[in-house]
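Dear colleague,

I am passing on the structure below for your own work.

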Amino acid sequence: MANFIAIDLEASGVYAVAGTARGSAKITHALAWTADDAEPPPALTPDTARAFGDAVRAKLKAAGVPPAPVLVAVGRDKVILKELKHPPVPPSEE
């Protein structure tokens, strides 16, 4: 049985779930840290990254979440796709 923590960083806040996985996932903890909280999450920038990470760790610890491998998803409000062109090549070289 493997423990995990999944964190989703959105513009509206930080959302995390923790649980165990063996065949299927079982969520044991859920946490939301949003602008509606008494102390909302700070903006995530290169300058605030360490303090932000320490604050998320403290929130998880306060919620009773045990240490585990973490998967982080960072949301984007828009995705920029660019057209990519390359010269024709034989299928063996694609």
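A patch here is made of residues with over 30% relative accessible area and no salt bridge, where like charges are joined within 9 Å and nonpolar side chains (Val, Leu, Ile, Met, Phe, Trp, Tyr) within 5 Å. A salt bridge is a side-chain nitrogen of Lys or Arg within 4 Å of a carboxyl oxygen of Asp or Glu, and accessible areas come from the Shrake-Rupley method with a 1.4 Å probe, only the protein chains shown counting as cover for residues. The model is predicted, so local features need pLDDT of at least 70 and side-chain atom pairs count only at pLDDT 80 or more, while totals for chains, interfaces and linings use all residues. Residues are numbered from 1 along each chain as its sequence is written, and side-chain values use heavy atoms, with hydrogens and water left out.

On the surface, Val70, Val72 and Val74 form a nonpolar patch that has about 260 Å² of accessible area together. Val74 lies in strand 4 (residues 70-74), strands being DSSP runs of E with at least two residues and helices runs of H or I with at least four, numbered from the N terminus. Val74 is exposed because its relative accessible area is 59%, the cut-offs being over 50% for exposed, under 20% for buried and partly exposed in between.

Ala62, in helix 1 (residues 49-62), is likewise exposed, because its relative accessibility is 71%. Between Ala62 and Asp37 there are 15 Å from C-alpha to C-alpha, at a sequence separation of 25 residues.

Best regards

Notes
Buried means under 20% relative accessible area, exposed over 50%, partly exposed in between (1.4 Å probe, protein chains only).
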